[in-house]
Amino acid sequence: MGFGICLKVWGDYACFTRPEMKVERVSYDVMTPSAARGILEAIYWKPAICWKIDRIHVMNRIAYDNIRRNEVLGKIPAAKVKSALKGKDVQLYQDSNEARVQRASLLLRDVCYCIEAHFELTEKAGPDDTPEKHYNIALRRMRRGQCFHHPYLGCREFPARFELIEGTVPPSCHTGERDLGFMLYDIDFADDMRPVFFRARMVDGVIDVRECLGAGGVS
Amino acid sequence: MSEIIKNRYEFVLLFDVENGNPNGDPDMGNMPRIDPQTGNGIVTDVCLKRKIRDYVDLVRDGVPGYDIYVKTGAVLNDQHRKAYDYLGIEPSKNKPGDSRLTEFMCENFFDIRTFGAVMTTEVNCGQVRGPVQINFARSMDPVFQQEVTVTRCAVTNEKDAEKGQTMGKKQMVPYALYRAEGYISAHLAQKTTGFNEDDLELLWDSLVNMFEHDHSAARGKMSARKLIVFKHRNELGCCQSHVLFDGVKVERLSGDLPPRSFGDYRVTVSDDVPDGVELIEKL
């Protein structure tokens, strides 16, 4: 339930990383529903609502670019932080010369998508959480360009410009039908972070997420 | 401690390079990075963040709360970390909760407060998103990548002794003006990392001065030329960021000749900013 919105997002680069190619990151051909949800949540989200992606319109030609960067290997080890908290003298930093690794990323170039989505109320919704209220707040924010934090296209270094589409969705440059294979739909946080996959089909540049899920989401 | 920031910011940083390599591409034998489609130069986000970290490490060396988590080069660990009396916690038998660990890291490390970090302290590998987001910097015009061959009158190996000299290569861009854009989310500062007004001032300071302490044979002459800050009246912001960014225009004056100095460009900042946004020219 809830009302639908349509948001246009675009940017120079994007990287919607395939989970099977995470080390040297390779992007999916198109935006995943979970990345689209992340963009909407960056603009407006409350525990009372949960965004559901209906359709993703792929406006631009799919093009790639390769960038190799120096990255660090590790994450911050909790055990070390704990011993530092206890006042032990541990080295709590990473020497970027020691822990360096060069990794390439295959990124998307010049992307533009229109995200059609609606939200549903969750069980955390209180008596004064009406769909109208949340819908209007979300619309106001999208019109004014307000956000909690700046939305991004897969990774934070690829910021997304965004604007609300109030009329008809502009046409995509894609025609015909294309099978994009199994793509990540989203992570099911309620079920122990279980990734859910779906078979994405793009028809005339539009991926109808609900229809694809109806055709059998797999996890 | 100063107050946690309450306003959303966007910023545009213009910096240039003269006869140097601002950011080498490991895939291209350290040639300056370019966008293969347009020929414009690129400086990655992580390259700029590295310089910010190094600058803060330099000016706040040993000051509690301004440690840097990802350091470069030789690290001299001679500081007794006063910061460990974090909030006066008595070492106790019960394990500190996850949020305490994250708080502790944010309190002590400037780069985690600013850019966030990936920690193994929470469920979904605990990504702490920092308030500051920087995108790839791009040059205003296609750059010319030049490879300069140099000679050295000494040799490394004994077997080359009769050669008398060795050759090397330096990669450089004769001149390029780069534009980086960034975002600062007050919301993430408030909710997650506690990035405060002092940190913000230090960030502006580091954006202006980070190239001044990063000179090397490879870099050539790099300097920050303009730092334009848009301060929104509130936490969520008052208008779309790209509208503000589009108000900063850079025109080339050198006509058909390739640009070779900052004087070959004219930077105009439209003072017609939307209501609720304040334009601050830091440089």
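Five salt bridges cross the interface of chain A and chain B, a salt bridge being a side-chain nitrogen of Lys or Arg within 4 Å of a carboxyl oxygen of Asp or Glu. One of them pairs A:R161 with B:D246, with the closest N and O atoms 3.9 Å apart. This is a predicted model, in which local features need pLDDT of at least 70 and side-chain atom pairs count only at pLDDT 80 or more, while totals for chains, interfaces and linings use all residues. Side-chain values use heavy atoms, without hydrogens and water.

The interface totals follow.

| Item, chain A with chain B | Value |
|---|---|
| Residues in contact (heavy atoms within 4.5 Å) | 55 residues of chain A, 67 residues of chain B |
| Buried area (accessible area, 1.4 Å probe, that two parts lose on being put together, summed over both) | about 5,100 Å², 55% of it on carbon and sulfur atoms |
| Polar contact | 20 residue pairs, both at pLDDT 80 or more |

A polar contact is a pair of N or O atoms within 3.5 Å; within protein, one must be able to donate a hydrogen and the other to accept it, and residues adjacent in sequence count only if both atoms are side-chain atoms. On the side of chain A that touches chain B, β3(A) gives the largest share, eight residues. Strands here are DSSP runs of E, at least two residues, and helices are runs of H or I, at least four, numbered from the N terminus. That side divides into 25 nonpolar, 12 polar and 18 charged residues. Ala, Val, Leu, Ile, Met, Phe, Trp, Tyr, Cys and Pro count as nonpolar, Asp, Glu, Lys and Arg as charged, and the others, Gly among them, as polar.

Now the interior. A nonpolar core is a set of buried Ala, Val, Leu, Ile, Met, Phe, Trp, Tyr and Cys residues joined through side-chain atoms within 4.5 Å. The largest one has 54 residues; A:V9, A:M31, A:Y113, A:L153 and A:I207 touch the most other members. Strand β5 (residues 100–121) of chain A brings the largest share, seven residues. A separate second core of 40 residues includes B:F110, B:A137, B:M222 and B:V229.

B:T114 sits in helix α3 (residues 110–115) of chain B. B:T114 is buried, at 0% relative accessible area; buried means under 20%, exposed over 50%, partly exposed in between (1.4 Å probe, protein chains only). Its side chain reaches the backbone oxygen of B:F110 at 2.7 Å. Leaving out residues up to four places away in sequence, B:T114 touches B:G130, B:P131, B:V132, B:F195 and B:L203.

Terms used. Residues numbered from 1 in each chain as written. Chains lettered and ligands numbered in written order.
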